[in-house]
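User: Could we go through this structure together? I would like to begin with the annotated site.

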Amino acid sequence: MKSIFYSRFFILLPWVLIVIIVMDIDTKRSSVRSTAGSYLARLGDAQRRGEKPAHAAPSAANRTVLPPPPPPPLIYAVTPTYSRAVQKAELTRLANTFRQVPRFHWVVVEDAGARTELVARFLARCGVPYTHLNALTPRRFKRTGMPRATEQRNAALGWLRTHRDTREPGVVFFADDDNTYSLELFEEMRSTRGVSVWPVGLVGGRRYERPVVENGKVVGWYTGWRADRPFAIDMAGFAVNLQVILANPRALFKRRGAKPGMQESDFLKQITKLEELEPKARNCTQVLVWHTRTEKVNLGNEPKRHQDSVMIEV
């Protein structure tokens with residue numbers, strides 16, 4: 001009897017387990033259907049009442065789309081230049097620096113009656129965004145004791161005022177071609193709101209000249225020449241916000257009555273005041289630009305020896 005009972009039990013056991021599993025699955029399905037039905041009913045009621053469901057994704061109309069950040073100000077470097085033996089070498093040194101500066105535009109102004117082939121070819125290959133201008137210095141101003149590059153700087157200011165407007169963020173810097181510039185300098189000047197200033201190395205008969213800063217404000221000048229100047233600063237020692245240039249259309253570098261070394265003061269007096277200057281370069285304690293004038297080239301043997309049959313541009 002026992003053997004018959006056990007044999008029937010083991011035969012029926014799988015079927016009993018199958019029935020139990022089927023009943024459990026059906027119960028779970030019923031629970032899910034009941035929960036889903038309840039949620040859909042609440043969702044329908046909320047939609048009829050105009051309410052937003054608690055877990056509904058935000059609609060496209062309600063999404064906040066942030067505008068892209070504005071680009072950093074464009075730096076306009078104004079470089080007067082004139083024909084001489086080291087001209088191309090000087091411009092090459094500058095181009096190698098300027099090419100590494102983002103958001104940069106080079107305004108090169110030749111002291112000439114027309115733009116020269118040498119400078120035009122050089123700029124076309126230099127890899128720096130540029131504008132090529134020319135402005136001739138009258139012969140009567142080309143003598144010792146007269147300020148230099150006045151017409152060229154004013155030509156660049158005229159170009160900016162003609163081709164740029166008040167919606168464009170920018171910074172204007174007067175970058176002579178006989179200086180050496182650290183890349184850090186351009187990041188320092190990029191935040192200029194009005195007129196920013198910093199030290200200049202190897203100038204004025206000293207290792208450096210600089211604005212004297214107290215409590216974040218310029219209060220005077222450390223200089224080796226004419227400390228009584230209103231702005232005892234070198235041309236390479238300041239930058240001006242483009243909007244300041246545009247807002248002061250009559251501000252120019254003076255030719256009449258101007259003296260060497262006074263052009264900076266004459267210009268800055270038209271657009272700013274001492275207390276408004278913005279000290280850069282660690283409160284004017286770091287030199288990031290140097291006057292490194294190229295030594296005058298000795299070409300005494302050039303006309304005395306046999307001339308090369310090939311004309312090579314230097």
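**Annotated site and surroundings**

Analyst: Glu264 counts as buried because its relative accessibility is 8%, where buried means under 20% relative accessible area, exposed over 50% and partly exposed in between (1.4 Å probe, protein chains only). This is a predicted model, in which local features need pLDDT of at least 70 and side-chain atom pairs count only at pLDDT 80 or more, while totals for chains, interfaces and linings use all residues. Residues are numbered from 1 along each chain as its sequence is written, and side-chain values use heavy atoms, with hydrogens and water left out.

User: Where does UniProt place the "active site" feature?

Analyst: The unreviewed UniProt entry places it at Glu264; positions are in the numbering used here, feature names are shortened, and annotations may be inferred rather than shown by experiment.

User: Which helix is Glu264 found in?

Analyst: Glu264 belongs to helix α7, residues 263-268; helices are DSSP runs (H or I, at least four residues), as are strands (E, at least two), numbered from the N terminus.

User: What is Glu264 in contact with?

Analyst: Leaving aside neighbours within four places in sequence, Glu264 contacts Ile233, Asp234, Met235 and Phe238, contact being heavy atoms within 4.5 Å. The Glu264 side chain also reaches the backbone nitrogen of Met235 at 3.0 Å.

User: Changing topic, is Gly237 buried or exposed?

Analyst: Gly237 is buried, with a relative accessible area of 0%. Gly237 lies in the loop between β9 (217-222) and β10 (238-241).

Key
Polar contact = N/O pair within 3.5 Å; in protein donor to acceptor, adjacent residues only side chain to side chain.
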